[in-house]
Amino acid sequence: ANKKVGLFVGSLRKESFNKKFANYVKSIAPTGYDFEIIEIGHLPFYNEDFDTGTPPKEYVEFRETVKGLDAVLFFTPEYNRSVPAVLKNAVDVASRPYGKNVWDGKPGGVISVSIGAIGGFGANHHLRQSLVFVNVPTMAQPEAYIGGVAKMFDDDDKLTDESTQKFLKDFVKAYIEWVEKING
Ligand code: FNR
């Protein structure tokens, strides 16, 4: 069977650049891999009371979905130099209850996307901080800080910036090698 890679997008807006990049990366998935965007916007805010009581059905489904993935790839905007709450919430939800962290051991990657010049560096590294704790071995190199994205797509949401296309193709190649190495 094909290996399943979950793409997590830290923006809920319709015209999200992160979502557009996730769709581009999905379109260049190599043979043998399914890249699938996993929805996170419907998850209620994490509340530790749910760990002992009945969890929301959205949590149960989301944790099952994450559990079934072979690898994870995060697309994050930068909000006030950090990770958007919706993405941190998803990380938290799938990390609990204590001892049932379903991120555990899944090879990861991080791509940060920004209209600004710094390419979401702050968000990228804040996310990595959490990924260390939930034990997602995250590819170190190449890093992906994609800045100045406002002019990279045409009216049909197609990525037209050729150097970024090449960068992402190389990134995905390295990421898949990383996934193979970790998953054996
Ligand atoms: C931003 N933006 C932003 N950009 C950045 O490079 N560094 C930052 O710290 C912030 N902070 C920030 C806070 C909030 C609340 C918003 C709404 C936006 C701008 C951000 O890069 C821009 O809105 C992107 O387009 C967001 O990603 P999506 O939604 O296009 O995927």
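**Note on strand E4 and its neighbours**

1. In this predicted model, Gly109 of E4 is the bridge partner of Leu73. That contact belongs to the pairing of strand E3 (residues 71–76) with E4, which is parallel and runs over 5 bridges. Between the two strands the chain passes through helix H3 (residues 85–94), and this β-α-β crossover from E3 to E4 is right-handed.

2. How many residues of strand E4 (residues 108–113) are buried? The count is 6 of the 6, so the strand is largely enclosed by the rest of the structure. A residue is taken as buried here if 20 or more other C-beta atoms lie within 10 Å of its own.

3. The burial applies to both directions in which E4 residues point: Gly108, Val110 and Ser112 go one way, Gly109, Ile111 and Val113 the other way, and all are buried. In a regular strand, side chains alternate between the two faces of the sheet.

4. E4 also pairs with strand E5 (residues 145–146), again in the parallel sense, over 2 bridges. Here Val113 stands opposite Ile146 in E5.

Conventions: Residues numbered from 1 in each chain as written. Predicted model: local features only at pLDDT ≥ 70, side-chain atom pairs only at ≥ 80, totals over all residues. Buried ≥ 20, exposed ≤ 12 C-beta atoms within 10 Å, placed from the backbone. Helix = DSSP H or I, 4+ residues; strand = E, 2+ residues; numbered from the N terminus. Pairing = 2+ DSSP bridges. Right-handed = clockwise from strand over helix to strand, strands pointing away.
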